[in-house]
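The structure comes first, then the notes by topic.

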Amino acid sequence: MQKRFLIPILLPLLFINCIDSVDKSQKLTLLYDTPATVWEETLPLGNGRIGMMPDGGVNSERIVLNDITMWSGSEDKDALNMEAFKYLPEIQELLLNGKNLEAQDLMYKHFKSGGLGSAHGNGKDAPYGCFQMLANLNINYSYPVDVNYTNSDVETVYEVASESTSKSASDYVRELSLNNAVASTKFKIGGVNYKREYFASHEDDVLIIRVSADKKNSVSFNLGLSRPERASLSIRDNVLYLEGQLNDGYDGDKGVRYFTKLEVINKGGSVNLDDSTLSLTDADEAVILISTSTNMLDKVFESSVNELHAKAKSKSYSQLKEGHIKVYKEKFDRVSLDLGEQDNVTPTDQRLINFQKNDDPAFAALYFQYGRYLMISGTYENSLPLNLQGLWSNQVQTPWNGDYHLNINIQMNYWPAEVANLSELHKPLIKLTESLVESGEKTAKTFYGADGWVAHMMTNPWGFSAPGEHASWGATNTGGAWLCQHLWEHYAFTQDVEYLSSIYYVLAGASDFFISSMIREPKNNWLVTSPSSSPENAFYLPGSKESVFVCMGPTMDVQLIRELFKNTLTAADILNIEDKTIMGIKETINSLPPMQISPNGYLQEWLEDYEEQDPKHRHVSHLYGLHPSNQISPISTPDLAEAARETLNNRGDAGTGWSRAWKVNFWARLHDGNRAYKLLKSLLEPTFENEIKMGSGGGTYQNLFCAHPPFQIDGNFGGTSGIAEMLIQSQKDFIHILPALPDTWSRGKFTGLRVRGGAEVDAEWEDNMLTNITITAQTDNTFKIKVPNYANSILQNDKELQIVNGFVSIEIKKGEVVKLDVFAQS
């Protein structure tokens, strides 16, 4: 007996705009019943350029302000080490003769950036620079009851706020709506209900805070702006101004300049000023309006700040809020994920704790959508890319400079961009990659005597592309190749040939570097990178117990170069190009080493089967071919997939936050939904660690930020990507729906997830079995769909589709919507 689930129909593409309607069962909210006590509990707001994080304190509130362009440093004039190339032949000769340690010593001395250094983790006052907080907005509130408050340091403020909440305030609620990108704080004191709302406007490009009460003359506060360094505060015409210039790394006048403007627009009450604070007394309500910018991307930034401020001030609060929500929801509402009814009663920090012991599929859906929220809030089309902390920081010396790490971290930030239907937000990373070509060409020539362009392990807005000062991470020279994977992915999802033509030169230049710089290793005559490293992991040479990082042709390099070459060849074929680069790739690609399986069953990380210094290392770089690449698959390369499985079992499930997130994606690609779910639980393990730890302590803070530790946003995006990979995959030229569904997600549905080839997909399932599929074509194409093993027929418009070797193929025109029924034997 067969079971039928719906009547399939063919419809034209419809665009439905439902601004205000939210299914209550799918109301997506981060909810808390106390103020934040540390920054990692505050709630992130942003519009892709500027943001803030309010702590929701009752008596005293600290709101950290951010601008994604708040970068110190400048172009490092001496980054190109003109002596480095002289030592390259000797380094390579030592590696060819198995003297890796001697080669590494030589690299530490001579084969690194020649300037003042990248100052990895301490670049605030160096040319390399550092992403920094903008300012603190400190607000002290007064109430018509005896509630004490203080304006002392943050620890005391947090302590008093918590004490006052428990003793004087009731009905406290602090929340962040993912549906609307609006945060709020609500409580009652002395019979008066107070409410604050906060948002970073996606329409008006300003920060807004509204303070109100349900009794007249009940809103009183004083506020000020502060910054630990390089800040000048002034008050003119009832407006607070904060401005300054960050260090350019040379103590010169070329640093980034910023300009911030704050005004309180009050209804009732009176405003008073002194040299550094603005006070409001006995108002009915007030809107705090903040406009800010820097000169990094806007040379008339001061005029822009004034114009944005004036435009926002001319609108009512309801107009500002409604406009913000409408623009935000255009992106957010593209995707839905229903794994069960949302719990909007239990505080989120308690749900996080409960998730370790109980299955709460809806919490996984909330976390998935939180990742999408963070991407929409953290970057936009014409801004800088998401850095290690997105756009949020509470320090002037952000951990690891808050920069762009190219050996996984910035790439992980953008793993969800295409599949989670935020394709245009991929553009800042694409632009960053294009911006590195000029610098990378100089680095390729100076350090390697090579053609093309190269980027190593880290970069910044100033075009840094040289090797870092420590060979364990600085020697990796495939950072640019990994960035190129994202250039290709944007094409794979959009099928935009004009775009592909515009970035072909980037792919070709990256390929040219490896064509001209690789050398032949003596054992098999393979072409390999030299010198290089497998990111941050060390090994022991045979007969030695002294660890070493520097090597030739680590597995990740080979996978990246093979992928780069194939993508460049495919792009050239689409664009009808036959040039020197293409001829070079064709002559070179077959000389790349194959992936090798150790006699012990795991995938080798290096050319030789070396003993690892740390078998549980957080990086699993040699599984790049499994994810995010498509070179390892249980379907097409089962032996390599089994070796990858053995590798993951050896590595274990622990690690830093982003490492756990990567493992979610690995296990999803191996079609093991229950193990991927286990890793998702590991990623969501509650943590309070905020000190730097390189091998442990990972998990999730109470505001659902990922902990490296400290906070590092890549794990959030890696987790979002992993959930998407559990639901849909398309990396092998076919659509695989529910490839890694955990047993606990027995029923659900999603809408709007995107696949390579140019389509959106919706799906529903019951009892862990797919019931129906909807495909919306964004370009003319033929889509190949994997049929589940339990299905014995697929119907389109009551017509049974032919299943060939476990697949059905459907030709769809752009704009068409095709619905399919999936039938299973009951």
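Helix H7 (residues 361-378) has 18 residues, which should span 26 Å at 1.5 Å a residue, and its end C-alpha atoms are 26 Å apart, in agreement. The expected span is 1.5 Å times one less than the number of residues. Helices (H or I, at least four residues) and strands (E, at least two) are DSSP runs numbered from the N terminus. This is a predicted model in which local features need pLDDT of at least 70 and side-chain atom pairs count only at pLDDT 80 or more, while totals for chains, interfaces and linings use all residues. Residues are numbered from 1 along each chain as its sequence is written, and side-chain values use heavy atoms, with hydrogens and water left out.

**Helices H7 and H5**
- H7 is mostly covered, with 18 of its 18 residues buried (under 20% relative accessible area; exposed is over 50% and partly exposed in between, with a 1.4 Å probe and protein chains only).
- Lys331 is part of helix H5 (residues 317-332) and counts as buried at 14% relative accessibility.
- Beyond its neighbours within four places in sequence, Lys331 is in contact (heavy atoms within 4.5 Å) with Arg372, Ile376, Glu381, Leu422, Glu424 and Leu425.

**Sheet**
- An open sheet of 7 strands runs in the order S3-S4-S5-S6-S11-S16-S15, with antiparallel pairing (two strands pair if DSSP finds at least two bridges between them).
- Strands S3 (45-46) and S15 (270-273) are at the edges with a single partner strand each, so one side of each has no neighbour in the sheet.
- S4 (residues 50-54) pairs with S5 (residues 60-67) in the antiparallel sense over 5 bridges, and Gly51 has Asn66 in S5 as its bridge partner.

**Loop residue Ala231**
- Ala231 sits in the loop between strand S11 (219-226) and strand S12 (232-236), and its relative accessible area of 38% makes it partly exposed.
- Leaving aside neighbours within four places in sequence, Ala231 is in contact with Leu242, Glu243 and Tyr258.
- Ser636 is 405 residues from Ala231 along the chain, and their C-alpha atoms are separated by 58 Å.

**Second largest pocket**
- A pocket is an open set of points on a 1 Å grid over the protein atoms alone, where a 1.4 Å probe fits, with protein on both sides within 12 Å along at least five of seven lines; lining residues have an atom within 4 Å of a point.
- The second largest pocket holds about 620 Å³ of space.
- Its lining has 27 residues, and Trp488, Ala492, Gln731, Asp733 and Arg756 are the closest to its centre.
- H14 gives the most to this lining, with 6 residues.

Key: Grid points are joined across faces, edges and corners, and a volume is the space filled by probe spheres set on the points.
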